[in-house]
Amino acid sequence: MTPPSGDSSEGPGRGAAPSSAGPVPLPAPKFATAARAALSDGRLRRNLAGATAVLRARRDAATAELDDWEELREAGRAIRDRTLLNLDSHLEELERAVTGAGGTVHWAADAAEARRIVTTLVRATGEGEVHAVRSAVAREIRLDEALERAGITVRGAGLAELVMDLDGDGRPSHPLFPALHHDRARIRDLLAGGPPGTPADLPDDPAALAGAARARLRDGVPPGGAAICGAAFLVAETGTVVLAEPGGGGRACAVLPETLICVAGIEEVVPTWADLEVFLQLLPRAAVGERTLPAISTWTGVTPGDGPAAFHLVLLDNGRTTVLADEIGRAALRCVRCAACLDVCPVYGRTGGDPYGPGLPGPIGAVLTPQVRGVESAAGASLPYASTLCGACADVCPVKIDIPDLLVHLRGRVVESRRRRPVPPPELAMMRALAWTMGDRRRHEAALRRGTRWARLLSRGGRIRRLPGLLGRWTDARDVPAPPAETFRAWWRSRARSGGTGTGAGPEAGR
Amino acid sequence: MSSRETVLGRVREALGPARGTRVPVPRDYRRRLSGRQAPTRADVVALFSERVAEHRASVRHVSADELATAIAAALWGREAGRIIAPADLPFGWLAGLEGVAAQADLPAADRVQAVRGLDGLDGVVTGCAVAIAQTGTIVLDGGRAQGRRALTLVPPYHLCVVHADQIVGTVPEAVARLDPARPLTWIGGPSTTTDIELERTEGVYGPAVLDVFVVED
Ligand code: SF4
């Protein structure tokens with residue numbers, strides 16, 4: 001098994017052009033470091049907390065309404081597993097069906113190849129711009145940046161995309177609602193700074209803001225050019241592409257232009273048309289808490305007289321086969337990108353999507369990204385720890401991915417990869433020292449006395465933000481309460497000396 | 001080696017001996033509405049009307065005789081002065097129009113013109129292929145009375161006629177009826193966006209207003 005090639009589309013200079021032409025992605029820091037900024041942004045935390053609470057409530061209601069929800073989840077899980085274990089034959093079947101229906105299939109082993117294919121296809125249309133509805137896959141391979149570097153203007157097709165474009169260096173915080181972390185006041189400010197004609201006194205109610213956005217996107221997706229979309233599912237048996245979205249931007253991209261380019265991961269396949277009866281029930285309720293997604297579109301190849309004259313499907317590996325090779329980890333490839341696990345995750349609810357890097361955010365990102373990129377890098381090794389293992393994500397996942405289980409499995413891989421290093425990692429050194437200290441009563445008590453004194457010196461207002469030395473790593477992502485002035489042992493001894501009366505008068509008390 | 005071979009080779013290598021394992025798929029979920037949800041055909045139709053209305057569409061029940069008058073009244077009420085319809089729309093549907101310029105969608109040689117020609121129209125009238133009661137969804141498949149997809153994407157108003165016998169109870173029933181080879185448009189109400197604080201407002205693409213006429217014959 002070869003690793004997912006040198007190009008990870010993450011970090012400067014790796015598969016990206018030199019900095020002279022366009023923004024260069026920052027090197028991905030550890031999750032905890034990246035999360036600091038988000039954690040100190042009160043507005044972001046408030047907006048996210050409000051939005052995820054709304055989504056949670058809607059989803060609970062929508063799934064409780066079906067008395068066969070658990071049966072659907074079980075079927076969804078099984079169909080996805082069956083697909084993954086036969087992925088090669090399904091992909092070949094898909095290719096035959098798409099080609100037979102007048103489409104063209106391209107294979108991309110990594111992000112760089114996918115970017116190359118799409119850039120070439122857009123150039124071939126002779127257009128200097130392309131319309132796109134952003135997908136998780138496009139973000140993963142940093143498609144927009146690549147096209148811009150190639151001199152092609154990328155125009156977002158939806159409202160959220162417009163907002164994100166106006167936000168400048170802003171990054172989407174949620175796969176389905178990219179502007180989720182912005183409140184109406186912020187969106188108003190972004191839209192009001194607009195072209196002549198935008199009212200300066202734009203009110204900040206959602207309807208008025210949507211109206212302003214509509215006016216800006218008025219020209220829509222032009223009929224002659226090219227457009228790019230992602231996919232929710234690819235049906236192997238029939239070669240059908242399924243797009244399912246909360247707004248209609250993808251539908252416009254899929255119908256109006258001359259050339260349509262769909263970039264999808266190889267794991268997005270489902271075997272048969274009939275299997276959609278399961279996923280078209282699971283996805284809307286899990287994703288947006290509604291009975292259906294407002295805009296679902298399906299098409300097979302090209303249809304004369306209706307929609308694009310040319311259809312290209314780019315099938316992307318980019319590390320997915322590495323995930324597939326891990327018998328336990330491959331369960332993560334069942335993911336249908338509904339984002340339910342994000343909205344219930346207490347960690348995501350506070351940090352937003354940014355700290356997870358360019359891959360998927362939230363719990364599913366924390367298991368997929370390290371598997372694709374490896375656990376050797378600081379970012380990869382930190383992601384499996386960006387979780388409290390509370391299990392909420394596993395409960396809501398419509399295809400029953402046991403995310404906590406995968407996180408623990410990956411933590412094991414992180415420890416394993418560290419163990420092989422010549423210099424023992426801090427955790428290991430610490431554990432060894434601890435074992436030595438705790439192996440002897442006097443050593444332990446002396447250490448406790450010293451530790452308590454030091455810890456109280458470090459604390460501010462009863463909390464320690466950063467422990468010194470090797471322990472500092474542990475406090476990267478958490479504050480520690482300062483220890484009490486007196487250890488339990490010292491307290492016990494002093495009360496024994498003072499006569500052993502009063503409350504809790506003896507070891508048996510309170511049992 | 002081509003990337004196709006590379007990727008397929010990696011898949012095979014990654015799966016190893018597990019490759020080709022048949023995982024049994026339990027299909028114990030419902031294919032039809034339970035008797036409690038919709039005991040009769042009339043209940044299925046009523047459930048559809050209720051659910052599609054929850055998507056902010058307006059729903060009316062009309063008899064086949066009233067349809068032409070009802071369509072004319074609706075277009076007039078929506079101030080839709082210039083509309084388009086698929087060329088194979090049943091002849092009678094637009095028979096009652098007064099003061100509305102209706103044009104049939106005819107194949108155009110030039111693609112760009114075919115789409116540009118839809119700009120400035122006020123609305124579109126179509127039928128549908130299937131409608132789903134449980135989810136309040138209407139599906140168009142480009143078949144009779146439905147036309148190409150751009151018709152129901154560009155004009156700001158869509159009047160959709162649903163025959164009662166086109167309404168099924170559940171998603172599995174709809175999937176079984178539909179032909180994947182056709183381009184399908186699943187409509188869940190008028191165009192909306194929830195991008196601003198998750199509040200549902202008029203969307204950026206697609207008809208902002210959807211009128212659904214359920215014809216009981
Ligand atoms: S892991 Fe499950 S819950 Fe999370 S996005 Fe994927 S399918 Fe949805």
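# Reading a predicted two-chain model

Guide: Buried residues make up 55% of the 511 residues in chain A, where buried means under 20% relative accessible area, exposed means over 50%, and partly exposed lies in between (1.4 Å probe, protein chains only). This is a predicted model, in which local features need pLDDT of at least 70 and side-chain atom pairs count only at pLDDT 80 or more, while totals for chains, interfaces and linings use all residues. Residues are numbered from 1 along each chain as its sequence is written, chains are lettered from A and ligands numbered from 1 in the order in which they are written, and side-chain values use heavy atoms, with hydrogens and water left out.

Visitor: How many helices and strands does chain A have?

Guide: Helices (H or I, at least four residues) and strands (E, at least two) are DSSP runs, numbered from the N terminus. Chain A has 22 helices and twelve strands. Contact means heavy atoms within 4.5 Å, and among the contacts in chain A between residues at least 6 apart in sequence, 72% join residues at least 24 apart.

Visitor: Which residues of helix 8 of chain A are buried?

Guide: Helix 8 spans residues 159-166 of chain A and is mostly covered, with six of its eight residues buried. These are A:L159, A:A160, A:E161, A:L162, A:V163 and A:M164. The cover over them includes strand 2 (129-132), strand 3 (153-156), helix 9 (184-192) and helix 10 (206-216) of chain A, together with strand 10 (192-193) of chain B. Just after helix 8 of chain A, A:G168 takes a positive phi of about 70 degrees.

Visitor: Which residue lies over the face of A:W492?

Guide: A charge sits over a ring if NZ of Lys or CZ of Arg is within 6 Å of the ring centre and within 35 degrees of the ring normal. A:R495 lies over the face of A:W492, at 4.7 Å from the ring centre. In chain B, the charged end of B:R60 sits over the ring of B:F213, 5.6 Å from its centre.

Visitor: Which residues come nearest to the ligand?

Guide: A residue is near a molecule or strand if one of its heavy atoms lies within 4 Å of it. Of the 13 residues around the ligand, A:C335, A:C338, A:A339, A:C341 and A:C397 come nearest. The shell divides into twelve nonpolar, no polar and one charged, where Ala, Val, Leu, Ile, Met, Phe, Trp, Tyr, Cys and Pro count as nonpolar, Asp, Glu, Lys and Arg as charged, and the others, Gly among them, as polar.

Visitor: Is A:D343 buried or exposed?

Guide: At 1% relative accessibility, A:D343 counts as buried. A:D343 has its place in helix 14 (residues 340-344) of chain A, and, not counting residues up to four places away in sequence, touches A:T52, A:L55, A:R56, A:R59 and A:H174.

Visitor: Where is B:P155 found?

Guide: B:P155 is found in the loop between strand 6 (137-140) and strand 7 (157-163) of chain B, and is buried, with a relative accessible area of 1%. Leaving aside neighbours within four places in sequence, the contacts of B:P155 include B:L121, B:D122 and B:G206.
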